[in-house]
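Please walk through this model helix by helix and void by void.

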Amino acid sequence: MVTDPSGRTTPSGRTTHQNVMHRTLDVDGIDVFYREAGPKGAPVVLLLHGFPTSSHMFRNLIPALSDRYHVVAPDYPGFGYSSAPSVDDFEYTFDNLANVVERFTQKLGLTSYSIYVMDYGAPVGFRLAAMHPERVDSLIVQNGNAYDEGIENEFWEPIKEYWKSRTEKQGDLLRSQLTLEATKWQYLEGVRNSNAISPDTWNHVQPLLERPGNQEIQLALFHSYGSNPPLYPKWQQYFRDHQPPTLIVWGRNDKIFPAAGAIPYLKDLKNAQLHWLDTGHFALEEDGDVIAELIRSFLATNVASGNDSDVGEVSKR
């Protein structure tokens with residue numbers, strides 16, 4: 001065991017950057033909250049969160065990567081600590097979320113990055129990648145979908161009905177996905193040991209979901225998710241044309257984006273590796289250490305590491 005300069009004991013002997021910064025950036029009138037750590041001159045890892053969480057889902061991954069990488073994790077409008085204007089004042093679509101994140105990266109001066117996409121992060125991140133393939137160093141996909149096979153399951157049936165008929169009745173049926181019971185289910189379903197999952201997860205998410213007007217925000221995004229499948233062919237063409245190095249880490253017990261959604265990536269991406277994890281949707285909660293080490297090994301092989309004199313050694317599994 002060794003101790004890093006900030007006093008933290010690290011079993012791998014790796015220097016860690018303890019100082020995760022919590023900042024807010026004005027992006028065209030939207031206050032975007034983000035977490036940031038790591039050397040400014042290092043390769044960038046852009047972490048894009050899922051539903052119904054926020055950058056909070058990366059709270060442990062950020063320091064696990066920030067000795068060698070500049071790690072940035074924004075909250076989308078309506079999520080986490082970012083602004084949550086009403087549906088009357090902001091159009092909650094995945095096109096708009098992607099536009100805000102793109103402007104966010106521009107204002108931070110992020111000209112190239114590896115993108116970690118999970119759940120909602122996939123349609124946001126793949127929009128960015130397809131628009132600006134030259135900016136993407138690599139992809140890290142964790143239970144994020146880009147194929148029809150990934151949404152051909154029972155979970156999506158009522159949401160698909162909402163795409164077809166955006167009625168008040170159908171929307172009210174989907175409010176069941178915004179309850180504490182549903183949030184806990186997302187975190188606990190498919191895990192090996194429910195006692196290993198911190199209640200800090202759903203106790204962070206649920207009060208934010210219950211803010212006045214937030215259910216309408218989430219219903220708008222449930223409907224807008226229907227704009228994503230028509231873009232799957234475009235994203236798949238991006239994969240085939242540009243062949244970004246890709247790491248796929250997938251909780252194979254996920255009932256939302258099941259294992260069937262992971263396999264098709266391999267037919268389009270020649271430089272991809274797929275790792276199955278025996279856990280559920282929010283794989284970082286149970287297998288965060290494993291995912292962090294897979295990411296470090298993958299990035300060390302596929303992305304220039306910057307000034308090695310300024311960063312610690314990459315740990316080996």
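The model is predicted, and local features need pLDDT of at least 70, side-chain atom pairs count only at pLDDT 80 or more, while totals for chains, interfaces and linings use all residues. Numbering runs from 1 along each chain as its sequence is written, and side-chain values use heavy atoms, with hydrogens and water left out.

Two packed helices are described by the angle between their axes and the distance between the axes. Helix α2 (residues 94–108) and helix α3 (residues 121–131) pack at about 65°, and their axes are 9 Å apart. Here helices (H or I, at least four residues) are DSSP runs numbered from the N terminus; axes are lines fitted to C-alpha atoms, for helices over the stretch in contact, with angles running from 0 to 180 degrees between N-to-C directions. The crossing of α2 and α3 is right-handed, a term for a near helix turned clockwise from the far one by less than a right angle. On the α2 side the contact (heavy atoms within 4.5 Å) is made by F94, D95, L97, A98, V101 and E102. From α3 come P123, V124, R127, L128 and M131. By class, these contact residues are eight nonpolar, no polar and three charged, where Ala, Val, Leu, Ile, Met, Phe, Trp, Tyr, Cys and Pro count as nonpolar, Asp, Glu, Lys and Arg as charged, and the others, Gly among them, as polar.

On a 1 Å grid over the protein atoms alone, a cavity is a set of points where a 1.4 Å probe fits but cannot get out; a pocket is an open set with protein on both sides within 12 Å along at least five of seven lines, and lining residues have an atom within 4 Å of a point. Grid points are joined across faces, edges and corners, and a volume is the space filled by probe spheres set on the points.

The structure has three cavities of 30 Å³ or more. The largest has a volume of about 100 Å³; 13 residues line it, and F51, Y120, F155, W156 and F222 are the closest to its centre. Its lining divides into nine nonpolar, three polar and one charged.

The second largest cavity has a volume of about 50 Å³. It too is lined by 13 residues, with P52, T53, F79, G80 and L208 closest to the centre. The classes are five nonpolar, seven polar and one charged.

The second largest pocket holds about 290 Å³ of space. Among its 21 lining residues, Y162, R166, E216, L219 and A220 lie nearest the centre. Helix α8 gives the most to this lining, with five residues.

How much of α8 is buried? Eight of its eleven residues are buried, that is, under 20% relative accessible area with a 1.4 Å probe and protein chains only. These include L219, A220 and F222. The cover over the buried residues of α8 includes α2, α4 (157–164), α5 (168–174) and α7.

Finally, Q186 is found in helix α6 (residues 180–188). Q186 counts as buried because its relative accessibility is 3%. Beyond its neighbours within four places in sequence, Q186 is in contact with F51, P52, I256, H281 and F282.

How values were computed:
Helices (H or I, at least four residues) and strands (E, at least two) are DSSP runs, numbered from the N terminus. Buried means under 20% relative accessible area, exposed over 50%, partly exposed in between (1.4 Å probe, protein chains only).
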